[in-house]
Amino acid sequence: MDVANVSTVSEFVLLGLSNSWELRMFSFIVFSMFYVATMDCFRANLQPASMGKANSSVVSEFVLLGLSSSQELQLFFFVFFSTLYVVIVLGNLLIIITVTSDNSLRSPMYFLLGNLSFVDTCQASFATPKMIADFLSEHKTISFSGCIAQIFFIHLFTGGEMVLLVSMAYDRYVAICKPLHYVVIVNQRTCTVLVMISWTVGLIHTVSQLSFTVNLPLCGPNIVDSFFCDLPRVTKLACLDSYTIEILIVVNSGILSLSTFSLLVSSYIIIFVTVWFKSSATMAKAFSTLAAHITVVILFFGPCIFIYVWPFTIYPVDKVLAIFYTIFTPILNPIIYTLRNRDMKAAMRKIVTHYLRPKKISETPLAVRSSFY
């Protein structure tokens, strides 16, 4: 063969399994679950052979030490966190009702905001009600199944919210940097896919964590120095060397936290550079909004990265940092993403006025008015 006929192809194009978005999502979920199953088999090999088939946990419940042992502080914490929890639920519920009932808030941004409020409500509810009840209880215990459920839900909601925050940042990036293509790029189908991806990532993340946690040999200590079952603290109670498990936690939670945090910061930097060349008024408004968003991102991702990227050493401050992404972030998100939005405030004011304003006699139904007389 002549030398000139030698192929000069330097790369190949892979068509994949399908061009359909629905089949791609299905394939993503199936192969991700296959990866989780593989990790589960790897986890099974971590257990020492000397324990044989008697690996099942003999711990039926865990003792939660909570935030403080002081009676005075516990009473204060009860009032303080009860108030915060009520504000979180009512505030996020108001956002969900506003977004779903007001026809003027049908844009992708508000669709993602409504989903964020739902996730925030769930995230604040997985452990906060029990923590509040434990402030008035002398014996703070949780069953083994309840502990596993807390680990499942915290990683489901936290992982999902990380991806959802990236989706919202992507929405703002397209709106500011590519405004002429916004309607084409970010449509209802795109938002639905982004929300599905966030829940899928959260589910895969939490299942992969539980795959090497559920069957941990727990045969001794059962005291967890926190107000909920935190994964690094529970793994420390296992009757085996937890070094390999801690490596898996870093690979799973650490990489998810760092990657989503890096994407968020990169998107904010691009947005900031884009508005830098616009008018000073636009620049000031964008800087104020970005500063508020970055503050919430740091309060949410900072504790997650600190706790899960370095799980080898447990610090007493870890349980205090956990409050930021379980309680403070769900109450800050409505303030940052909603109260700074003029359209959202107007829609919320309309709904509150509609439901709380006493109706006049002329506005009541005829059957009800006739009963007055």
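Phe 261 is partly exposed, with a relative accessibility of 24%, whereas Phe 301 is buried at a relative accessible area of 0%. In this predicted model, Phe 261 and Phe 301 form a tilted aromatic pair, 5.7 Å centre to centre with 45 degrees between the planes. The pair links distant parts of the chain, since Phe 261 belongs to helix α9 and Phe 301 to helix α10, 40 residues apart. The points below cover the aromatic pairs, the nonpolar core and the cavities.

**Aromatic pairs**

- The structure contains 16 aromatic pairs.
- One of them joins Phe 126 and Phe 228 in an edge-to-face arrangement, with 5.4 Å from centre to centre and 85 degrees between the planes.
- Phe 126 sits in the loop between α3 (108-125) and α4 (128-134), and Phe 228 in the loop between β3 (223-224) and α8 (231-235), so this pair ties together parts that are 102 residues apart in sequence.
- Phe 126 counts as buried because its relative accessibility is 12%, under the 20% limit.
- Phe 228 is buried as well, with a relative accessible area of 0%.
- Ring pairs also connect Phe 76, Phe 77, Phe 80, Phe 81 and Phe 135 into a cluster.

**Nonpolar core**

- The largest nonpolar core has 86 residues, of which Phe 81 and Tyr 325 touch the most other members.
- Helix α5 gives the most to this core, contributing 14 residues.
- Leaving aside residues up to four places away in sequence, Phe 81 touches Leu 67, Met 131, Ile 132, Phe 135, Ile 323 and Ile 327.
- In soluble globular proteins, nonpolar side chains tend to be buried together.

**Cavities**

- The whole structure has 3 cavities of 30 Å³ or more.
- The largest cavity holds about 100 Å³ of space.
- Its lining includes Ile 154, His 155, His 205, Cys 304 and Tyr 325.
- Helices α5 (144-177), α9 (243-276) and α10 (280-309) each supply at least two residues of that lining, and the largest share, 5 residues, comes from α5.
- By class, the lining of the largest cavity divides into 6 nonpolar and 6 polar residues, with no charged ones.
- The second largest cavity has a volume of about 40 Å³.
- Among the residues lining the second largest cavity are Leu 67, Met 131, Asp 134, Phe 135 and Lys 140.
- The lining of the second largest cavity has 5 nonpolar, 2 polar and 2 charged residues.

How values were computed: Residues are numbered from 1 along each chain as its sequence is written. This is a predicted model: local features need pLDDT of at least 70, side-chain atom pairs count only at pLDDT 80 or more; totals for chains, interfaces and linings use all residues. Side-chain values use heavy atoms; hydrogens and water are left out. On a 1 Å grid over the protein atoms alone, a cavity is a set of points where a 1.4 Å probe fits but cannot get out, and a pocket is an open set with protein on both sides within 12 Å along at least five of seven lines; lining residues have an atom within 4 Å of a point. Grid points are joined across faces, edges and corners, and a volume is the space filled by probe spheres set on the points. Helices (H or I, at least four residues) and strands (E, at least two) are DSSP runs, numbered from the N terminus. Ala, Val, Leu, Ile, Met, Phe, Trp, Tyr, Cys and Pro count as nonpolar, Asp, Glu, Lys and Arg as charged, and the others, Gly among them, as polar. A nonpolar core is a set of buried Ala, Val, Leu, Ile, Met, Phe, Trp, Tyr and Cys residues joined through side-chain atoms within 4.5 Å. Buried means under 20% relative accessible area, exposed over 50%, partly exposed in between (1.4 Å probe, protein chains only). Contact means heavy atoms within 4.5 Å. Rings of Phe, Tyr and Trp (its six-membered ring) pair if their centres lie within 6.5 Å; planes under 30 degrees apart count as stacked, over 60 as edge-to-face and the rest as tilted.
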